[in-house]
Each structure stands twice: as C-alpha cells, then as structure tokens.
Amino acid sequence: MTIVNFTPLSALGGGLLIGSAALILLLVGGRIAGISGIVAGIGSQSDKGWRLAFVAGLVAVPMLIFGLDLAEAYSLQEYSPWRLLLAGLLVGIGTRLGNGCTSGHGICGMGRLSPRSIIATLMFMAAGIATVTLLGLGG
C-alpha cells in the first residue's frame, strides 16, 4: 500500500483544533460538540443562537480557507447533486439511529469516557475496516 499525501503535521494540527474547540465548548458553555445533536436542536431548542453560530462556522471556515469554490476544493463536481443529497440523507438517518455522529461519539464521547461512545466508535472503525477490506480499497 502506498500512502499519498501523508501529512502528519496538518493532521495533528487539525486534531488539536477540533479537540480544543470541543473542550472549550464543554468548559465554557457546558455543551457537547456533537454535530448531529447541535443541528437537531436548532429547530426545537430555545438556545438557537450558539447552535446557528456553530453551524455557520462549520460552513464559513472552509469557504474562507478554500475560497468559495468548494466543489473544486473537494472534487465534488464529479458527483450529481442528487447523489450527494441522498448520501447526506442517509448519513443523517444513521446519526439518528446511532444516537449521534462520529464527531460526537469519537471526539466528545470518548473524551468523556462514555461507554456508549466507546462502543459506537469501535463499531464505526470495524465497519470502515470491513468495508475497505471487502471492497479491496486498501491498496
């Protein structure tokens, strides 16, 4: 297997930023930075302000970093909008079935030593490893 674009420093930097943001939100606001829970709470909670600001930041920062042409930055032009919409819908259904998304379980839940999040993260990893192995995508 050949690793292309191995960038450990940028990966470390990104991990530190995500972990720091999750920790600050927990310490300052008493909130967990699970994206699916934040988005789900926008319509039903009285504390919409911080939730909308959080989601706006998730959208705005990549746009600032990569410019407004996100399709080119992420090479999305090869996929139809309907396929992307379906993929997003399926991810949303999965996060509701799993009581949270990979960010919520993997970053915040494991950081709090939540047994449910540890098991969920192990299942995410096992499913990913099985998929790569069965489809022969490993190299």
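A residue is called buried when its relative accessible area is under 20%, exposed when the value is over 50%, and partly exposed in between, with a 1.4 Å probe and the protein chains only. The structure described here is a predicted model, in which local features need pLDDT of at least 70 and side-chain atom pairs count only at pLDDT 80 or more, while totals for chains, interfaces and linings use all residues. Residues are numbered from 1 along each chain as its sequence is written, and side-chain values use heavy atoms, with hydrogens and water left out.

By the cut-off for burial, Cys101 counts as buried, at 10% relative accessibility, and Cys108 is likewise buried, at 9%. A disulfide is taken to be a pair of cysteine sulfur atoms within 2.5 Å, and by this rule the count of disulfides is zero. The cysteine sulfur closest to that of Cys101 belongs to Cys108, and because the two atoms are 8.3 Å apart, they are too far from each other for a bond.

Gly34 lies in the loop between α1 and α2 (helices are DSSP runs of H or I with at least four residues, strands are runs of E with at least two, and both are numbered from the N terminus). Gly34 is buried, with a relative accessible area of 10%, and, leaving aside residues up to four places away in sequence, touches Cys101, Ser103, Gly104 and Cys108. Although Gly34 and Ser103 are 69 residues apart along the chain, their C-alpha atoms are separated by 5.7 Å. Thr95, which is placed in helix α5, is buried as well, with a relative accessible area of 15%; its contacts, under the same exclusion of residues up to four places away, are Ser36, Gly100 and Cys101.

A nonpolar core is a set of buried Ala, Val, Leu, Ile, Met, Phe, Trp, Tyr and Cys residues joined through side-chain atoms within 4.5 Å. The largest such core has five residues, namely Ala22, Leu25, Ala33, Ile38 and Cys108. Beyond four places in sequence, Ile38 touches Leu25, Ile32, Ala33, Trp50, Arg51, Phe54 and Val55.

Pockets were located on a 1 Å grid over the protein atoms alone, a pocket being an open set of points, reached by a 1.4 Å probe, with protein on both sides within 12 Å along at least five of seven lines, and lining residues having an atom within 4 Å of a point. The largest pocket has a volume of about 490 Å³, and its lining includes Ala22 and Ala33 together with Phe54 and Ser103. Helices α1 (8–29), α3 (48–66) and α6 (102–111) each supply at least two lining residues, with α3 giving the most, four. With Gly counted among the polar residues and Asp, Glu, Lys and Arg as charged, this lining has nine nonpolar, two polar and no charged residues.

The second largest pocket, with a volume of about 390 Å³, is lined by 20 residues, of which Ile32, Gly34, Gly37, Ile38 and Asn99 lie nearest its centre. Its lining draws at least two residues from each of α2 (35–40), α3, α5 (81–97), α6 and α7 (115–135), and the largest share, four residues, comes from α6. By class, the lining of this second pocket has four nonpolar, 11 polar and five charged residues.

How values were computed
Grid points are joined across faces, edges and corners, and a volume is the space filled by probe spheres set on the points. Contact means heavy atoms within 4.5 Å.
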